[in-house]
Amino acid sequence: MMNGHRESDNSIVSKKPSNKVENNASSAEKVEKRGLAKGKSKEQTKDRTQRRSTLQQALFRIRQISRERKEERLTSLWHHVYATERLKESYYALKRKAAPGVDGINWQDYGKDLKNNILDLSERLRRGSYKARPVKRHYIPKANGKRRPIGITVIEDKIAQRSVTEVLNAIYESEFLGFSYGFRPDRSPHHALDAISVGIVKCKVNWVLDADISGFFDTIDHEWLIKFIKHRIADKRVIRHIKKWLKAGVLDEGKRQGSIEGTPQGGSISPLLANIYLHYAFDLWVNKWRNCQAKGDVIIVRFADDIVVGFQYRSEAEAFQRALQERFHKFNLSLNKQKTRLIEFGRYAANNRKRRGDGKPETFDFLGFTHMCSQTRHGAFIVRRKTIRQRMQRKLQEIKILLRSRMHWRKAKVGAWLRQVLLGHYRYYGVPLNGECLRTMRYLVTRMWFKILNRRSHMRSMDWKQMNLLANKWLPVPHICHPFPTQRLVV
């Protein structure tokens, strides 16, 4: 499996990982307790559970070897990718309602003859005759009037990419550094948000660099990416198929465009490739800079291409920003000058700015929240987080459009839908001290529903007393879903 150490699977330790695996173990190792699906016998569920267990044991062996031999490159991985059971599990892990790609085949169509389709895909991957299809480009309107391009990948590419991602994740999870949170097993945006809050409160942070990379996913250099992957992967078949996906191109309004840079939009493997790229282009470098050049405290949090770095000294923050621009230039990346800001932020920011007459400390946005310097009722410094105003307005606009299209639905049906929308909003934005924004969200949704109901006929059909009864029945009261950062994460 390694250069100079070719071993068969039988020679690798195949002990099943225990329940006491280290905290950052892959979520794939966890055993999920699920109910029995309709139409499936206990024997079918048992067989699938056993197959999943076998697949996880294979990933565990890969993970174990990659940790023990960090200086060596893995040479025999492809047979794990084209294994029919892994491809089948990758199919079941995909979104059922995702739009079809350029071939017009959706999840349900592919599953009508799943066994033969998976066998055929596995054989083509084994022989090397598999061909990547172009990504269908679709545009979503943005709040500012512009259009956001997204990519829709064909389902076979999604399956194969997800299978490769699972195998490579077993290797790279032991490589990635602790301050990288985006698109990793057992890590969520709220872990990154907690790391920011705890880091600023516990460390001597006086300045914050909110860095944004211009068009990151569209500007990744293919040559550098392949070089980075080859640091750990020596299996030529893995490299060859990643190149196929990178060069597949985009189908935009019927015209095929080749790809000379960037990762496949909408592809299952894109987040992993992005993390690999920034691991070598940014993470390793910034970690070395912090340990060797910085004199004061430095905290780092990265979620995909969103980067926040906290500094004790302004001079080091400015020097770092200049060095970061030079570093990114080497790898075909650049900082967005309009969105990248260095601000005074921390426990002493308010007093220092007041003494100079500069007003309140500035704020920065990260992962949907505006971060502000604040205090507890006892005067202790905290980082307060509230929903970004533009995010809330954008969500309300989406709800308004959908409410209009569902104007003549039954009240119970609309109420059930709005209930799910608000619960999803609370689950993400329900952080401590953000209750006011949650209550505002519920009130504005209630008011929009009230207006829509009274437009269903020329006569006013509902007053606010009736509306409040309806809202209390269907629209859940805001609640805080997440603990304080210091309770969930200690840096």
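**Helix α11 and the salt bridges**

Helix α11 bends by about 50 degrees at H279. The model is a predicted one, and in it 20 salt bridges are counted. The points below take up helix α11 and then several of these side-chain pairs.

**Helix α11**
- Helix α11 covers residues 270-292, and since its 23 residues at 1.5 Å a residue should span 33 Å, the 32 Å between its end C-alpha atoms agrees with that expectation.
- D283 forms a salt bridge with R302, with N and O 2.8 Å apart.
- Because D283 belongs to helix α11 and R302 to strand β6 (residues 298-303), this pair ties together parts that are 19 residues apart in sequence.
- D283 counts as buried, because its relative accessibility is 0%, and R302 likewise counts as buried at 0%.

**A pair within helix α5**
- R124 and D120 are joined by a salt bridge of 3.0 Å, N to O, and because they stand four residues apart in helix α5 (residues 114-127), about one helical turn separates them.
- An α-helix has 3.6 residues a turn, so residues three or four places apart point the same way.
- R124 counts as buried, with a relative accessibility of 16%, whereas D120 is partly exposed, with a relative accessible area of 40%.

**A pair between loops**
- R232 and E175 form a salt bridge in which the closest N and O atoms are 3.1 Å apart.
- This pair links distant parts of the chain, 57 residues apart, with R232 in the loop between α9 (222-230) and α10 (236-246) and E175 in the loop between α6 (155-172) and α7 (189-202).
- Both R232 and E175 are buried.

Notes: Residues are numbered from 1 along each chain as its sequence is written. This is a predicted model: local features need pLDDT of at least 70, side-chain atom pairs count only at pLDDT 80 or more; totals for chains, interfaces and linings use all residues. Side-chain values use heavy atoms; hydrogens and water are left out. Helices (H or I, at least four residues) and strands (E, at least two) are DSSP runs, numbered from the N terminus. The expected span of a helix is 1.5 Å times one less than its number of residues. The bend at a residue is the angle between axes fitted to the seven residues ending there and the seven starting there. A salt bridge is a side-chain nitrogen of Lys or Arg within 4 Å of a carboxyl oxygen of Asp or Glu. Buried means under 20% relative accessible area, exposed over 50%, partly exposed in between (1.4 Å probe, protein chains only).
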